[in-house]
Protein chains: 2
Amino acid sequence: MLSKKTKYGIKALAYIARKKDRKPVQASEISESENISQKFLESILLELRKSGFLGSKKGKGGGYYLIKEPGEIRMTAVIRVLEGPIAMVPCVSLNYYEKCDDCPDENTCSVHKLMIQVRDASLQVLGENTLEDIASLQ
Amino acid sequence: MLSKKTKYGIKALAYIARKKDRKPVQASEISESENISQKFLESILLELRKSGFLGSKKGKGGGYYLIKEPGEIRMTAVIRVLEGPIAMVPCVSLNYYEKCDDCPDENTCSVHKLMIQVRDASLQVLGENTLEDIASLQ
DNA sequence: CTATAATCCTATCGGTTTACTAGGTTTTAA
DNA sequence: TTAAAACCTAGTAAACCGATAGGATTATAG
């Protein structure tokens, strides 16, 4: 299950991407438009800034803006930052690998084999979709 | 993330499927062989029985056995019973659909569009893999 | 210079879920 | 009759989630 944090984060990025001009967008505006608790959204936007997706401007007229072009932001990157691993099991994760303590041999593990396939299928989809793709309406 | 429950459940089913004869397999045997807490495993096997994957025999010499052929058990079915929805968001779930309360229109939702693609990719993999496929070693 | 609007930061909190554990009851084969 | 197995109910510690609270900091406008 995707956490609300990730869901809201993606929606916020898409909202910002949809604006033609590169003027900073305020958290309050996104919050209202997308029906997201403002305080919660603030913390998410902050995280997206710290991880290099957004820039910010403080004070009156400030807000958040994209640092890269929407077409250059792959959804794999967004989800890894907000949600964590894309794999359903740590032992098949490329970026967050962890060995299972119960499993003596990954090569003969039935779950492992299956989850590698699921991971690759998800990576394919999330890797070929950019923020530009999902931000465009309909 | 896949819960331990689902992971253990799949491992147990694969273990039982690997046995040629159809004699009941005891929870204790699976528990030892797969390094799973016995009591926890018992509750999982019970659930698999109640949902129609396993039969059981009580008393001495009892245990659990497959009701269908391993080749007829799709991994979609197993995961839906143990884990719940395959979709990452309820609003794109086929079997556990729920509307998002924040989202006025699914057709223009960026997350929705993306998650449908992820769901379909996962369904494809999990639907074409049966218990027979994943139980066979290497 | 001051008021205001915005980001930024830290802490907390109630609720839910997870992964077990405990302690039995019931059934069956030997 | 004994032991081995499934079956059942309850509880529980820890983690995680989705916020909320309350401000500190910074920048702009007048």
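## Hairpin of chain A

Two strands pair if DSSP finds at least two bridges between them; strands (E, at least two residues) and helices (H or I, at least four) are DSSP runs numbered from the N terminus. In this predicted model, local features need pLDDT of at least 70 and side-chain atom pairs 80 or more, while totals for chains, interfaces and linings use all residues. Residues are numbered from 1 along each chain as written, chains are lettered from A and ligands numbered from 1 in written order, and side-chain values use heavy atoms, without hydrogens and water.

In chain A, β1 (residues 54-57) and β2 (residues 63-66) pair in the antiparallel sense over four bridges. A:Ser56 has A:Tyr64 of β2(A) as its bridge partner. Five residues lie between the strands of this hairpin, and A:Gly59 has a positive phi near 75°.

Polar contacts (N or O pairs within 3.5 Å) include one from A:Lys39, where a polar side-chain atom is 2.4 Å from a base oxygen of DNA strand D. For B:Ser56, a polar side-chain atom lies 2.5 Å from a phosphate oxygen of DNA strand D.

## A:Lys113

A:Lys113 belongs to helix α5 (residues 110-128) of chain A. The side chain of A:Lys113 reaches the backbone oxygen of B:Ser136 at 2.6 Å. The C-alpha atoms of A:Lys113 and A:Val92, 21 residues apart along the chain, are 8.8 Å from each other.

How values were computed. A polar contact is a pair of N or O atoms within 3.5 Å; within protein, one must be able to donate a hydrogen and the other to accept it, and residues adjacent in sequence count only if both atoms are side-chain atoms.
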